[in-house]
Amino acid sequence: MYFLSLKLRFEDTLVRNNKEKWIFLWFFTHLFVSLSAKTMKQEERWRRRYDEVKNFIETNKRNPSKYAPEERLMVNFLKRGRKMLNAGQLADPRFTQFLELLKLCNRYKRINQWKSLYNMFTLVQLPYAMEALEPAISAQTLSFHHGKHLQAYVDNLNKLLPGSEYEGMALEEIVRKAPAGPVFNNAGQILNHELYFTQFKPAGEAVQGPTGELAAQIEKQWGSVEAFKAEFEAKGVGLFGSGWVWLSADADGSLVITQEQGASNPVVKGLKPLLTFDVWEHAYYLDYQNRRAAHLSALWQIIDWNTIAARYGR
Ligand SMILES: [Fe+2]
């Protein structure tokens, strides 16, 4: 009898334990299935959103070769994000960027927000018409120089920055910190060209010749503006290969003319850049061919000395 009761109790415990086991098993299976379904639903939403954005871009911009650089970059970011989504790399920090981007470009018109998110650089707008600087710089040269050469530097830098240690830095900071190489070259050329293009005005509007403290400092150091111009031009003509000649100020306000090779800028030497002549052939070859000196001499007519004085800021 005693053994029978023991047996019954044992069987009862077994049955109860089994029941609990089944309840636990049912609960965890249900939890797993619902979590997986939720994740799949979420991923499906992301995929759908990606397709919507992609369709929107494709219908509004039929020819990808006509994409503005930021649009091209956006498409590349989206493709990269979609690949990560497909590969299940949802923990990748770049995937979070992809999701933010999806949110922003869900309405494509919010492109400016997208640009600021990725701190992209854009092509500086010319404050004058393409033919406004003729005859010193022809419309054809200006259009290639600004629209093709500078645009290429902007595009290249925007491709190089995402994920790099320079992402989010101001242009000058990148130029000061980046070692010789593609980031430095493209950032340097953007900074150089921005200062170059914004120092000009049409000959009739440009303030001819320095004034105020800048004029006094030039006369103090060179004796006359003409002597300064002669040295500046000579250093431009004498620069071997591609580069820039600069007038800069040091921390005490003293002026210095430097020759910078390639993409370099005086900020690398701790100087404040004021005035520059681009002596890369792309700046003058269509108009002047090999006559670099003639081109440099013509540039004085379109230098706006008000802008140079404002940069000097003393
Ligand atoms: Fe240039």
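Predicted model: local features only at pLDDT ≥ 70, side-chain atom pairs only at ≥ 80, totals over all residues.
1. Helix 11 itself spans residues 292–299, and its buried residues are Arg292, His295, Leu296 and Leu299. Viewed down the axis of helix 11, these buried residues fall within an arc of 95°, so they line one face of the helix.

2. The contact of helix 5 with helix 7 deserves a separate point. Helix 5 covers residues 139–160 and helix 7 covers residues 182–197; their axes come within 9 Å and cross at roughly 140°. The crossing of helix 5 past helix 7 is left-handed.

3. As to the residues involved, helix 5 contributes His146, Leu150, Tyr153, Val154, Asn156, Leu157 and Leu160. On the side of helix 7 they meet Pro182, Val183, Asn186, Ala187, Gln189, Ile190, His193 and Phe197. By class, the residues of this contact between helix 5 and helix 7 comprise ten nonpolar and five polar, with no charged residue.

4. For the chain as a whole, the secondary structure consists of twelve helices and three strands. The protein chain has 314 residues, of which 25% count as buried. Among contacts with a separation of 6 or more, 64% are accounted for by residues 24 or more positions apart.

Methods. Residues numbered from 1 in each chain as written. Helix = DSSP H or I, 4+ residues; strand = E, 2+ residues; numbered from the N terminus. Buried ≥ 20, exposed ≤ 12 C-beta atoms within 10 Å, placed from the backbone. Contact = placed C-beta atoms within 7 Å. Axes fitted to C-alpha atoms, helices over the stretch in contact; angles between N-to-C directions. Left-handed = near helix turned anticlockwise from the far one by under 90°. Nonpolar A, V, L, I, M, F, W, Y, C, P; charged D, E, K, R; others polar. Arc of directions from axis to C-beta.
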